[in-house]
Amino acid sequence: MTRIVAWQVHSMARPKFNVLIDRLIASVDIDDPPRHLVELITAAYVQLEAPELDAQMWAEDSLHRVSQRLTTLHNELIQDGRSLRYAFNSSDVLYLQGACFVESGIDDEDAASRKRRRSATHRLAAAIGQLEPAEFEKLCVIALEGLGAYEVKLTPYRADQGIDFYGRLRVGSALADIAGYPPVFDKFCVWVIGQAKHFEATQVATFDLRELVGSVQLARSGEYGSVNDRYPDMKIRSCDPIFSLFMTSGTISREAWLLCRNSGVIAIDGDSFSHILSETSIELDSPGLQAVEKLRAFIAEKQPVVS
């Protein structure tokens, strides 16, 4: 009886489940080897100042629920097109690993090479945060061109009417392989209109996305708060499809992600942005100031076109 009373006295209230999940995910580095979920849950509870005995007991008790939540979140990340920080080991889903961990015998050389490139770029995402906002906008244009967009233009940094860049993107189609129909295939393209937000300390909120949606609708009708036509190269016809693209160096709130999912806005957060950069020709393999200067030299070399 004495031992039970003593445990009740020293035991703390269990941390909220969402707080636990956030702490657990944050503890997984992008190229970490597999670790059992019980070990990770226990460590997360301890980081939240739970006593060791409580942490171990709660980890065993919440294993199934944590596993389900991580699976749900993982599927949502894929659905939203977001960069993955963690993954489940192919041999046992109760083992969690970094999304860039190379599984011997599972990942071929191409997959392993992609993971290594992404891991190196992800670690230097902080370098992007040290850029000036105007530099980040240029980097967004470079990244968009890396995704296959063409005729991409960067708007003037001031008085941009809520649009930071725009361009065209050709949509893949079986028509491309049919001889004699290149003119038809060329018509399968969409406009890409976007905003770039260089946020570090704050999250992107629904307000920022609504601003982009409003700007895109005004661009379709050619209505701007200026006398002259701001974008003479952006002639959007009534039936032209448009992708609304929101790119940020920071993070995006849960509510904003939900709005993206419901509205069709394509959002790219800091993690996904660094993932895209890993597929470009730039190799950021040095830490600190050297990486920032290399990134600036890369931007200067590309010199995006300003409309």
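**Notebook: cores and sheet of a predicted model**

I began with F273: leaving aside its neighbours within four places in sequence, I find F273 in contact (heavy atoms within 4.5 Å) with I128, F136, L139, C140, A143, M247, T248 and I268. I note that this is a predicted model, in which local features need pLDDT of at least 70, side-chain atom pairs count only at pLDDT 80 or more, and totals for chains, interfaces and linings use all residues. I number residues from 1 along each chain as its sequence is written, and side-chain values use heavy atoms, with hydrogens and water left out.

**Cores**

Of its 27 residues, I128, L139, F165, M247 and F273 touch the most other members. I recorded the elements that each supply at least two residues of this core, including α6 (125-129), β4 (150-154), β7 (242-248) and α12 (288-302). Helix α7 gives the most, with seven residues.

**Helix α11**

Six of the eight residues of α11 are buried, namely G270, S272, F273, S274, I276 and L277.

**Sheet**

I traced an open sheet of five strands in the order β4-β5-β6-β7-β8, with mixed pairing; two strands pair if DSSP finds at least two bridges between them. Strands β4 and β8 (266-268) stand at the edges with a single partner strand each, so one side of each is left without a neighbour in the sheet. The twist averages 20° from one strand to the next. Between β5 (residues 165-170) and β6, which run antiparallel, I find six bridges. The bridge partner of G167 in β6 is V192. Helix α9 (residues 206-221) packs on the sheet, touching β6 and β7, and its direction makes about 140° with that of β6. For this angle, axes are lines fitted to C-alpha atoms, for helices over the stretch in contact, and angles run from 0 to 180 degrees between N-to-C directions.

**Whole protein**

Notes: Core = buried A, V, L, I, M, F, W, Y, C linked by side-chain atoms within 4.5 Å. Buried < 20%, exposed > 50% of the residue type's maximum accessible area, 1.4 Å probe, protein only. Helix = DSSP H or I, 4+ residues; strand = E, 2+ residues; numbered from the N terminus.
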